Amino acid sequence: MKTTHNILFQDSQDLKEIPSESVDLVVTSPPYPMIEMWDEMFSRQNPEIQGALAYGDGMHAYALIHEILDAVWDEVFRVLKNGRFACINIGDATRTVNGNFCLYPNHARILTHLLKIGLSVLPDILWRKQANTPNKFMGSGMLPAGAYVTLEHEYILIVRKGLKREFKTEAEKANRRESALFWEERNVWYSDVWMDIKGTEQKLPKAMSRLRSAAFPFDLAYRLINMYSVKGDMILDPFLGTGTTTAAAMTSGRNSIGVEIDKGFQQVICSVAHHGVDFSNDYLHNRLLRHYAFVENRIQKSGQLKYTNKYYGCPVVTSQEQFILLNGLKEIHTRGDNTFDVVYSTKPQTWNFDQPLEVANSHKMKPHTKPFQLSILDTQ
Ligand SMILES: C[S@@+](CC[C@H](N)C(=O)[O-])C[C@H]1O[C@@H](n2cnc3c(N)ncnc32)[C@H](O)[C@@H]1O
């Protein structure tokens with residue numbers, strides 16, 4: 001098993017290098033309109049934005065910025081295959097322009113455009129990122145009629161092109177079964193409020209401190225990829241930044257294309273490749289260990305489970321989990337400057353119980369009590 005990952009350094013408003021109807025899933029987070037850290041980036045793409053902000057016309061700047069994003073969403077629509085999803089992480093912005101403090105509802109503006117171009121809107125995910133800072137409340141403190149509620153959530157908009165995807169052939173059905181989620185993951189991942197994923201302050205190397213990243217957490221990209229695509233699919237992120245989506249696609253056994261306008265990110269993205277194998281395998285091990293901890297707990301509380309996973313020999317709650325298979329990474333080859341090939345291991349990689357990983361510790365697992373094999377396998 002092998003996947004390929006391409007990085008294009010260019011403007012996503014025109015993605016002519018990517019053929020129409022060639023992408024299975026878009027996972028992305030654009031720069032958030034009306035957040036000051038992105039003013040310069042957007043103004044470079046349309047200098048009128050700088051003018052509108054300087055003139056104090058917030059609504060005009062907001063409209064112009066969204067025109068840039070609209071062009072990218074049009075390309076997303078073109079390159080998506082029928083029946084495939086786009087997941088867009090976006091936050092609204094609060095800002096005072098010309099003495100007027102108000103909310104710029106980016107999520108609503110983007111949804112309006114996505115509907116207009118013909119995408120079907122599905123229930124979204126509210127990502128609640130708690131800020132523990134004491135000054136998180138906005139406005140007039142304890143005095144009424146001038147204080148504003150905190151803005152501690154972002155959205156993950158979920159849209160689909162065309163009607164539901166079909167898995168027709170036996171091979172497609174088998175691949176879908178291997179790509180399934182564990183029951184306990186389904187219960188959290190498919191809920192409409194995510195509170196268990198913390199925001200991330202990406203630490204960039206000093207030499208690259210001029211770069212703005214606003215990276216989303218690896219967990220967020222990994223979850224979305226595993227919820228809305230199957231192994232071997234093609235994932236696109238038109239606002240790649242530090243390369244989180246590429247890393248999550250590698251770990252998930254999917255192909256990917258990442259597009260980023262700022263070539264300054266190249267070094268950060270390439271460093272993903274250097275740590276990709278160990279990072280991914282640890283992540284997959286931890287995923288299995290979480291399942292193991294869940295199963296142990298569940299059996300203690302409610303007795304034996306009905307089904308067993310074919311590859312790991314571990315109990316699972318439903319028949320749909322019997323063929324889940326996490327493919328461990330063997331090596332990552334760099335081709336040219338911006339292409340990576342990932343080869344997945346063909347032999348089982350057994351977890352070393354003498355060196356428990358973070359999750360095992362956090363669940364106070366006793367390695368010698370393990371009732372089933374815990375390893376990352378490959379089908380080949
Ligand atoms: C919010 S960041 C994405 C962060 C990314 N999810 C991560 O985990 O690192 C948005 C990125 O979009 C890039 N960008 C802005 N306008 C763009 C455009 N027109 N085409 C391609 N990339 C663009 C910015 O340089 C920035 O790196």
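Is the crossing of α7 and α8 right-handed or left-handed?

A: The crossing of α7 and α8 is right-handed. In a right-handed crossing the near helix is turned clockwise from the far one by less than a right angle, and in a left-handed crossing anticlockwise. Please keep in mind that this is a predicted model, in which local features need pLDDT of at least 70, side-chain atom pairs count only at pLDDT 80 or more, and totals for chains, interfaces and linings use all residues. Residues are numbered from 1 along each chain as its sequence is written. The element names come from DSSP runs, numbered from the N terminus: helices are H or I runs of at least four residues, and strands are E runs of at least two.

Now to the crossing itself. Helix α7 covers residues 218-228, and its axis comes within 9 Å of the axis of α8, with a crossing angle of roughly 50 degrees. That makes the two helices oblique to each other. The axes are lines fitted to C-alpha atoms, for helices over the stretch in contact, and the angles run from 0 to 180 degrees between N-to-C directions. Oblique is what remains once angles under 35 degrees are called roughly parallel, those over 145 roughly antiparallel, and those from 65 to 115 roughly perpendicular.

Which residues meet in this contact? From α7 they are F218, A221, Y222, I225 and N226, and from α8 they are T244, T245, A247, A248, A249, T251 and S252. Being in contact here is defined by C-beta atoms, placed from the backbone, that lie within 7 Å. By class, this contact has seven nonpolar and five polar residues, with no charged ones. Nonpolar covers Ala, Val, Leu, Ile, Met, Phe, Trp, Tyr, Cys and Pro, charged covers Asp, Glu, Lys and Arg, and polar covers the others, Gly among them.

Helix α8 has another partner to look at. The axes of α8 (residues 244-252) and α9 (residues 266-302) come within 9 Å and cross at roughly 40 degrees. These two helices are therefore oblique to each other, and their crossing is right-handed. On the α8 side the contact uses T246, A247, M250 and T251, and on the α9 side I269, V272, G276, S280, Y283 and L284. Six of these residues are nonpolar, four are polar and none is charged.

Ten strands form an open sheet in the order β10-β6-β9-β3-β2-β11-β12-β1-β16-β15, and the pairing is mixed. Its edge strands, each pairing on one side only, are β10 (193-194) and β15 (329-335). Two strands count as paired if DSSP finds at least two bridges between them. Strands of a sheet pair through backbone hydrogen bonds, either parallel or antiparallel.

Strand β1 shows both senses. β1 and β12 pair in the parallel sense over five bridges, and the partner of I7 in β12 is G258. β1 (residues 2-9) also pairs with β16 (residues 339-344), here in the antiparallel sense over five bridges, and N6 has T339 as its bridge partner in β16.

Further along the order, β3 (residues 80-90) and β9 (residues 153-160) run antiparallel over six bridges, with N89 partnered by I156 in β9. Helix α3 (residues 58-79) packs on the sheet and touches β2 (23-28), β3 and β11 (234-237), its direction making about 150 degrees with that of β3. Strands β6 and β9 run antiparallel and are joined by seven bridges, while two bridges join β6 to β10 in the parallel sense.

Technical notes
Contact = placed C-beta atoms within 7 Å.
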